[in-house]
Amino acid sequence: MHRKLQRRKNLCAERVAALNMYVSSGQTRVKRLIAFRDQPPYGEGSGMPCGACREFFYQLNEANEQMEILVDYEKREIVTLKELMPKWWGKERYEQAKQT
C-alpha cells in the first residue's frame with residue numbers, strides 16, 4: 001500500500017511520510033517536522049505544512065499538537081501544531097471519546 005502512496009501526486013510529502021511511518025511501524029506520533037526543497041525554511045511560510053497536512057497530523061494523533069515545525073532555520077524558529085491551529089474542531093470530539 002505505501003508504495004502506491006509514494007506515487008500519488010495529490011498528497012504532500014509530509015502526509016506520505018507520516019502514512020509510510022504508520023504503515024511500517026504503527027506509530028502515529030510525530031515529534032518534529034522540517035520540510036524544504038532547495039533550501040532550509042527561511043520564514044515567510046516556507047517549509048510550513050499545508051492546511052490538509054496540519055489537519056491530518058492532528059487526526060493521526062492528538063498528541064501531535066506538540067509537534068515542532070521549523071519555520072526559520074537560521075533563526076532556529078519553531079512553532080507547534082497547536083499554535084497553528086489553536087481551536088481545532090476535533091479537540092472536543094477527542095475529549096468526548098475519552099469520557100466514553
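User: By class, how many nonpolar, polar and charged residues does the lining of the largest pocket have?

Analyst: In this predicted model, the largest pocket holds about 310 Å³ of space. Its lining comprises 13 residues, and those nearest the centre of the pocket are Glu 14, Ala 35, Phe 36, Arg 37 and Gly 47. Sorted by class, the lining of the largest pocket has 7 nonpolar, 3 polar and 3 charged residues.

User: Are helices α2 and α3 roughly parallel or roughly antiparallel to each other?

Analyst: The axes of α2 (residues 13-25) and α3 (residues 51-60) come within 9 Å and cross at roughly 20°. Angles under 35 degrees count as roughly parallel. The relation of α2 and α3 to each other is therefore roughly parallel.

User: By class, which residues does the contact of α2 with α3 have?

Analyst: The crossing of these two helices, α2 and α3, is left-handed. From α2, the residues Glu 14, Arg 15, Ala 18 and Leu 19 meet Ala 52, Cys 53, Phe 56, Phe 57 and Leu 60 of α3. By class, this contact of α2 with α3 has no polar residues, 2 charged and 7 nonpolar.

User: Which pattern does the protein follow when read along the sequence?

Analyst: The C-alpha atoms of the protein fill a box of roughly 45 × 35 × 20 Å along the principal axes. Its secondary structure comes to 5 helices and 3 strands. Read along the sequence, these elements follow the pattern α-α-β-α-β-β-α-α.

How values were computed:
Residues are numbered from 1 along each chain as its sequence is written. This is a predicted model: local features need pLDDT of at least 70, side-chain atom pairs count only at pLDDT 80 or more; totals for chains, interfaces and linings use all residues. Side-chain values use heavy atoms; hydrogens and water are left out. Axes are lines fitted to C-alpha atoms, for helices over the stretch in contact, and angles run from 0 to 180 degrees between N-to-C directions. Helices (H or I, at least four residues) and strands (E, at least two) are DSSP runs, numbered from the N terminus. Angles under 35 degrees count as roughly parallel, over 145 as roughly antiparallel, 65 to 115 as roughly perpendicular and the rest as oblique. A crossing is left-handed if the near helix is turned anticlockwise from the far one by less than a right angle, and right-handed if clockwise. Contact means heavy atoms within 4.5 Å. Ala, Val, Leu, Ile, Met, Phe, Trp, Tyr, Cys and Pro count as nonpolar, Asp, Glu, Lys and Arg as charged, and the others, Gly among them, as polar. On a 1 Å grid over the protein atoms alone, a cavity is a set of points where a 1.4 Å probe fits but cannot get out, and a pocket is an open set with protein on both sides within 12 Å along at least five of seven lines; lining residues have an atom within 4 Å of a point. Grid points are joined across faces, edges and corners, and a volume is the space filled by probe spheres set on the points.
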